[in-house]
Amino acid sequence: MLEVKNIHSYYGKSHVLQGTSLDLKEGELVCLLGRNGVGKSTTLKSIMGVVNPNQGSICFNNQEIVGMKPFQIARLGIGYVPEDRRIFRSLTVHENLLMGIKGGKQKNAGTDDWTVDRVYKLFPNLKERKNSKGAYLSGGEQQMLTVVRTLLGNPRVILVDEPTEGLAPLIVKDVLDMLDTVRKSGVTILMVEQNFKAAIKVADRFYIMSKGKIVFEGNTEQLLAAEDIRRTYLEV
Amino acid sequence: MSDIPVFFLHGLAYAGLLFLVSAGLTLVFGMMNVLNFAHAAMYMLGAYFSYSIMLHATGQFWLSLMLCPVILFVIGGLIERFLLRRVHALGHVQELLLTFGLAYIITEAVKWFWGNYPIAINIPGVLNTTIQIFGITYPVYRLFILCCAVIVGLVMAIILFKTRLGIILRAAVNDSETVNTLGVNVPLVFLGVFAFGAALSGFAGVIAGPLLTIYPGMAQEILIDAFVVIVVGGFGSLGGAVIAALFIGELQSFGVLLFPKLSMALVYMLMAAILVIKPSGLFGEKQ
Ligand SMILES: Nc1ncnc2c1ncn2[C@@H]1O[C@H](COP(=O)(O)OP(=O)(O)OP(=O)(O)O)[C@@H](O)[C@H]1O
Ligand SMILES: [Mg+2]
């Protein structure tokens, strides 16, 4: 449903993505691995239109989305969970959630749709803190909040950037379980991770990136078998 | 000693004007990261447009009070859409230079069109009177300015804290890129905020006209104070702008009374002190 073909993206003169290609099929949880600074976040930003690729094509449900603005891409049904838990610090938890609802109004929700009520049922700790400012949440709560804020827009695909970074092992498990639940509800997920041991528990397929290019593609067994690739391109 | 209430009220009136100019400036800076040097030029244009309107439609103060903000809303919108947005991709320095250049051009245009000399504007009829307050006789017009600022401030507070638009605006002050990825048309929000800020500044210009004489340096003069207000109050914080405008207004007013030569220095000292204690300003959320 999402095809990235041979994209090139730059920050000023620095050529960060040098012909990146990958694709997502409906219902998959795909994980993008790679060392620091190889261009994983830039790949997600290019899909989302935050960074504009100079070359190449990105198709979502067969529609070209290169050149569209982030809000237009979001409205097509692609959700983005940026790295570093970018919650709105001076907004309350509840207001943060409202920001996720497109157009501000929950349209007569279908049974599979994410609603604020459903979020509060699933995450009682967010409900308890609904009137505290986002800045005062713990790291794990902030991560949950960023993910569910995006889910409230009921996207078909979400791009999640390093959701477990800097979290305690117990919380890492919570976050991954949650993504697994989300995937089971029918949302396709592209997740960037450094921690491949964590990712392997939930992902269906993997891409490894190095210097702006994809250097490996395969499922869990293939990744486990490709020991030298892991040694060369992933952190030990 | 009987001067004290007079200077206090003078300070409040000036604080009102300052708030009207600073509110747009701080929102624009908070969201778009653009320090708009042309912001006070909108204030000056408001004052001069109003002068011309009143010249041709004798004494139509109320008409110009409604018309000038609309004109400046349009001018602000055009500036954002066709100049600022194009320069945005080039970076902050270029944006700064653009607004700086605009301020310069507008000032020169004002000199060329209206003349490089002060013009006095009469206080509109009904407001040209005095009342007894705190046992002193005080001009109604300054109280009128204060009322305008209070009303505008309240309306803005209601919008910011009680509506969906307000949530979007406050979120955009935190992180406009993320707001954009959540499906909100952020370029349109920027356009609206910039145009609204210009309109507010123009509105302040119209009511400032009869109080202060209008002259081509009036933009520069209030811009410096407005910068201090948004630094002290914290970039992007409306509440901060209110408190800081009150501070600066009173400081200017009593400064003139107590240390006539030092009132400007006092303002800078306050700014330096706040920055040392809390670099993000009193209510700043931004770094
Ligand atoms: N805004 C920016 N301006 C200039 N260069 C940038 C910018 N963002 C990232 N880069 C550079 O682009 C390269 C790729 O960055 P990117 O954030 O995509 O890497 P990453 O794979 O996500 O790394 P990490 O695992 O550390 O998050 C890096 O060399 C980085 O320094
Ligand atoms: Mg990254």
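What distance separates the centres of domain 1 of chain A and domain 2 of chain A, taken over C-alpha atoms? In this predicted model, the two centres are 24 Å apart. The predicted model is read with a pLDDT of at least 70 required for local features and 80 or more for side-chain atom pairs, while totals for chains, interfaces and linings use all residues. Side-chain values use heavy atoms, with hydrogens and water left out, residues are numbered from 1 along each chain as its sequence is written, and chains are lettered from A and ligands numbered from 1 in the order in which they are written.

Domain 1 of chain A is assigned to 1-77 + 156-174 + 186-236, and domain 2 of chain A to 88-154; such bounds come from an automatic or database domain assignment. The size of an interface is often given as the accessible area lost when the parts come together. Buried area here is the accessible area (1.4 Å probe) that two parts lose on being put together, summed over both. Between domain 1 of chain A and domain 2 of chain A it is about 640 Å², with carbon and sulfur atoms giving 74%. Of the area that domain 1 of chain A buries against domain 2 of chain A, 44% is supplied by Ile158(A), Pro163(A) and Leu167(A), more than by any other three residues.

Between domain 1 of chain A and domain 2 of chain A, the count of salt bridges is 0, a salt bridge being a side-chain nitrogen of Lys or Arg within 4 Å of a carboxyl oxygen of Asp or Glu.

The contact between the chains takes 19 residues from chain B and 25 residues from chain A. About 2,000 Å² is buried between chain B and chain A, and carbon and sulfur atoms give 58% of this area. Arg164(B), Thr181(B) and Leu182(B) supply 32% of the area that chain B buries against chain A, more than any other three residues. There are 3 salt bridges between chain B and chain A. Glu177(B) and Arg86(A) form a salt bridge through their side chains (3.4 Å, N to O). By class, 8 nonpolar, 6 polar and 5 charged residues make up the side of chain B that touches chain A.

Ligand 1 has 13 residues around it, of which Gly37(A), Lys40(A), Ser41(A), Thr42(A) and Gln194(A) come nearest; a residue is counted if one of its heavy atoms lies within 4 Å. Polar side-chain atoms lie at the following distances from an oxygen atom of ligand 1: 2.7 Å for Ser41(A), 2.4 Å for Thr42(A) and 3.3 Å for Glu83(A).

Definitions and conventions:
Contact = heavy atoms within 4.5 Å. Nonpolar A, V, L, I, M, F, W, Y, C, P; charged D, E, K, R; others polar. Polar contact = N/O pair within 3.5 Å; in protein donor to acceptor, adjacent residues only side chain to side chain.
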